[in-house]
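Please examine the following model with attention to its pocket and to the packing of its helices. The explanation begins with the pocket and then turns to the helix pairs.

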Amino acid sequence: MDSLLELVLEIVVEGAIGAAGSRQVPLPVRLVLGGLLLALLLGLSGLLVWVGLDTGRWFLVALGIAILLGGLFRARTAVRRRK
């Protein structure tokens with residue numbers, strides 16, 4: 001069951017990333033998909049920081065911050081490349 005969930009989630013995230021970067025997809029759809037990906041990034045990094053602070057494991061806090069900064073850097077470079 002876990003493998004099936006992982007496969008479906010991977011297909012959905014990969015599809016959203018591909019569609020958000022494609023000019024063939026209408027702009028409102030790309031914006032919604034980009035917003036969903038941003039929410040996923042913020043949720044994952046926030047969860048890691050929260051669990052890290054709750055358990056006292058600073059590695060999880062650093063990992064959550066690194067994922068957030070890496071995702072924001074990637075988004076910034078993608079937007080600059082489009083312009």
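The lining of the largest pocket divides into 15 nonpolar, four polar and five charged residues, where Ala, Val, Leu, Ile, Met, Phe, Trp, Tyr, Cys and Pro count as nonpolar, Asp, Glu, Lys and Arg as charged, and the others, Gly among them, as polar. The model is predicted, with local features requiring pLDDT of at least 70 and side-chain atom pairs pLDDT 80 or more, while totals for chains, interfaces and linings use all residues. Residues are numbered from 1 along each chain as its sequence is written, and side-chain values use heavy atoms, without hydrogens and water.

The largest pocket holds about 1,000 Å³ of space. Of its 24 lining residues, Ala20, Gly34, Leu37, Ala75 and Ala78 are the closest to its centre. H1, H2 and helix H3 (58-82) each contribute at least two residues to this lining, and H2 gives the most, with ten residues. A pocket here is an open set of points on a 1 Å grid over the protein atoms alone where a 1.4 Å probe fits, with protein on both sides within 12 Å along at least five of seven lines; lining residues have an atom within 4 Å of a point.

Helix H1 (residues 2-20) packs against helix H2 (residues 27-55) at an angle of about 135°, with the axes 9 Å apart. H1 and H2 are therefore oblique to each other, the class left after under 35 degrees (roughly parallel), over 145 (roughly antiparallel) and 65 to 115 (roughly perpendicular). In this contact (heavy atoms within 4.5 Å), Val13, Ala16, Ile17, Ala19 and Ala20 of H1 meet Arg30, Leu33, Gly34, Leu37 and Leu40 of H2. By class, these are eight nonpolar, one polar and one charged residues.

H2 and H3 pack at about 160°, their axes 7 Å apart, which makes H2 roughly antiparallel to H3. Residues in contact include Leu38, Leu41 and Ser45 of H2 and Trp58, Gly64 and Leu68 of H3. The contact of H2 with H3 has 16 nonpolar, five polar and no charged residues.

Note on methods. Axes are lines fitted to C-alpha atoms, for helices over the stretch in contact, and angles run from 0 to 180 degrees between N-to-C directions. Helices (H or I, at least four residues) and strands (E, at least two) are DSSP runs, numbered from the N terminus. Grid points are joined across faces, edges and corners, and a volume is the space filled by probe spheres set on the points.
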